[in-house]
Amino acid sequence: MRVLQQYRFNIRTKIPFDQWPAIIENYLHDQNLHHHSFHYYLECYDDSDRCRSVLDGIKCRTCRSSQSYCEQCRKEASAALRKGTACERAVKENPFLGAIHTQQTQYDTTQSLHNFSEQSNRTKEDIYAICTKLYRRYGFSKSTLLYRDIDFFGRRVPTSTPDPEHFYYGYQGSGITLFRSCLSNDNAIILTVESLWPGDVPDATPYADALSAYLPGIKRTAYTKLIMDDDDPAYYDALHRMAAPLVVQAGRFFDDHSPKICGSTTPDTKVSTAALLKKFGKQYGYTYRGYDYYVYSMEKRLPGGHCLCLDFVSSPSIPRADPCISLCGLGFRHDIWAADFIPQNTQHFSDYLTQLFDCLAEAEQTVFPALLDLYPQTPDWFVPAHT
C-alpha cells in the first residue's frame with residue numbers, strides 16, 4: 001500500500017502565482033532536497049467550434065437572444081477565432097511548449113500543453129521565464145507546475161506518469177504541486193510525501209512546517225491518502241461487506257438518539273460556531289481541525305487507532321451547522337449519519353451540542369466497537385480527510 005502524507009497550503013489570491021516557483025526553489029535548497037523531474041500542465045477551453053457555428057449561422061437557428069445582439073455576437077466570435085486559444089497563442093510565442101493536446105467531453109472541448117514524457121528538469125527555466133504570462137497574457141484556465149519524485153528522508157520512490165485529473169488534490173507521489181485556476185480561488189501548493197506500508201512511514205510534518213515558514217499567514221490542511229496494492233481491494237471489500245449492516249445499525253442509533261432540538265431559518269443572534277466547537281471538543285476529547293470550504297471539522301482517536309470524524313457544514317447565506325458523522329481508518333471510511341441544524345442563539349446551540357456529544361459518547365460504548373473491530377489497527381501516522 002502506498003501512503004501519501006499530503007499538506008495543502010491554501011494560497012488563494014494572497015501570493016501571485018509567478019512568485020511561487022522562487023519560494024519552492026528556496027525551500028528545496030534549504031532543505032537539501034532534489035526533484036527528479038519538472039513538469040508543466042497548461043489547460044484552456046477551445047470555443048472555436050461554437051464561434052464558427054455563430055459565423056456560419058448554424059448557432060443562430062437555436063439562439064433565443066434578441067436580434068439586436070446578433071451583430072455583437074458575431075463580432076465576438078470573429079475576434080475569438082482571430083485571437084486563438086491560450087494554447088495556440090502560447091505555442092506560437094514559445095515553441096518549446098510542444099504539441100497541443102485536445103480533449104473532447106460531453107460538455108466542452110479543452111486544449112492542453114504538457115511535458116509528461118520528459119524525465120528531466122530541462123524545461124524548468126523556460127517555464128519560469130514565461131510564468132507571469134501564463135494567466136496574464138495567455139489566460140490559461142488552469143496552470144500546474146510539478147516538482148516530481150523529491151527525495152524526502154533521503155529516499156526517492158519512482159512514480160508513474162502524472163495524471164492531470166489529480167492535480168487539484170496534489171500529485172500522487174513524493175513531490176510538490178503548484179495549482180492555479182482562473183475559475184475559482186482554490187489556488188494551492190500541495191506537498192506530498194510518499195512511503196510504503198507495511199514499512200517505515202516517518203512523520204512528514206517537519207517538511208510541512210519548513211514550507212510553512214516560507215508561507216506566513218497561509219492556512220494549511222493535512223490528510224493521508226492511501227493507494228491500494230493489487231491484493232488490497234479484495235481484502236477490504238470483504239470487510240466492507242461485513243461492516244455494511246453495522247453501518248446501518250449505527251445510523252439508526254443516531255436517528256433514534258440524536259438531539260431533537262429544532263430551529264427556524266431566522267436565528268435570533270449570531271453564534272460563534274468555532275468557539276463552541278472548541279469548547280465542547282476539548283470537553284469530550286476531540287481535536288478541532290478548523291474551518292475550510294464552509295465546513296468546521298474535528299476528530300477523535302478511538303481504540304484501534306481509528307478516527308471518529310465530526311463535521312459541521314455551514315453556509316454563508318444561512319448560518320447553519322449541519323452535523324455529519326463518519327468513522328475512518330486505514331483502508332476504510334463509513335459515513336454514519338447527517339442532519340440539518342440551524343442554531344438560533346448561543347444557548348440553543350450549546351444545548352444541541354450537549355445532547356449530540358452525549359449521544360456520540362454513548363455510541364462509542366455501544367454501536368461503534370463492533371464495526372471498528374472488523375478492521376486492522378490504524379497507525380498513528382494516519383490523518384483522515386474531512387467532508
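Which strands does helix 4 (residues 86–93) lie across? I looked that up to get started, and helix 4 lies across strand 2 and strand 4 (109–114), running at about 30 degrees to strand 4.

**Ground rules.** I'm working with a predicted model, where local features need pLDDT of at least 70, side-chain atom pairs count only at pLDDT 80 or more, and totals for chains, interfaces and linings use all residues. Residues are numbered from 1 along each chain as its sequence is written, and side-chain values use heavy atoms, with hydrogens and water left out. Helices (H or I, at least four residues) and strands (E, at least two) are DSSP runs, numbered from the N terminus. Axes are lines fitted to C-alpha atoms, for helices over the stretch in contact, with angles from 0 to 180 degrees between N-to-C directions; contact means heavy atoms within 4.5 Å.

I found an open sheet of eight strands in the order 3-4-2-5-6-7-1-8, with antiparallel pairing (two strands pair if DSSP finds at least two bridges between them). Its edge strands are strand 3 (101–104) and strand 8 (220–227), each pairing on one side only. From one strand to the next, the twist averages 20 degrees.

I then checked strand 2 (residues 35–45) against strand 5 (residues 142–150): they pair in the antiparallel sense over eight bridges. Y40 stands opposite L145 in strand 5.

**Another helix.** Helix 7 (residues 205–212) lies across strand 1 (2–10), strand 7 (188–196) and strand 8, at about 20 degrees to strand 1.

I picked T221, which lies in strand 8. T221 counts as buried because its relative accessibility is 18% (buried is under 20% relative accessible area, exposed over 50%, partly exposed in between; 1.4 Å probe, protein chains only). Leaving aside neighbours within four places in sequence, T221 is in contact with Q6, Y7, R8, N10 and D292.

On a 1 Å grid over the protein atoms alone, a cavity is a set of points where a 1.4 Å probe fits but cannot get out; a pocket is an open set with protein on both sides within 12 Å along at least five of seven lines, and lining residues have an atom within 4 Å of a point. Grid points are joined across faces, edges and corners, and a volume is the space filled by probe spheres set on the points.

The largest cavity holds about 30 Å³, and its lining is F152, F153, R155, V157, S174, V193 and E194. The second largest pocket has a volume of about 430 Å³. I noted 20 lining residues there, with Y41, E43, K142, P164 and E165 nearest its centre.
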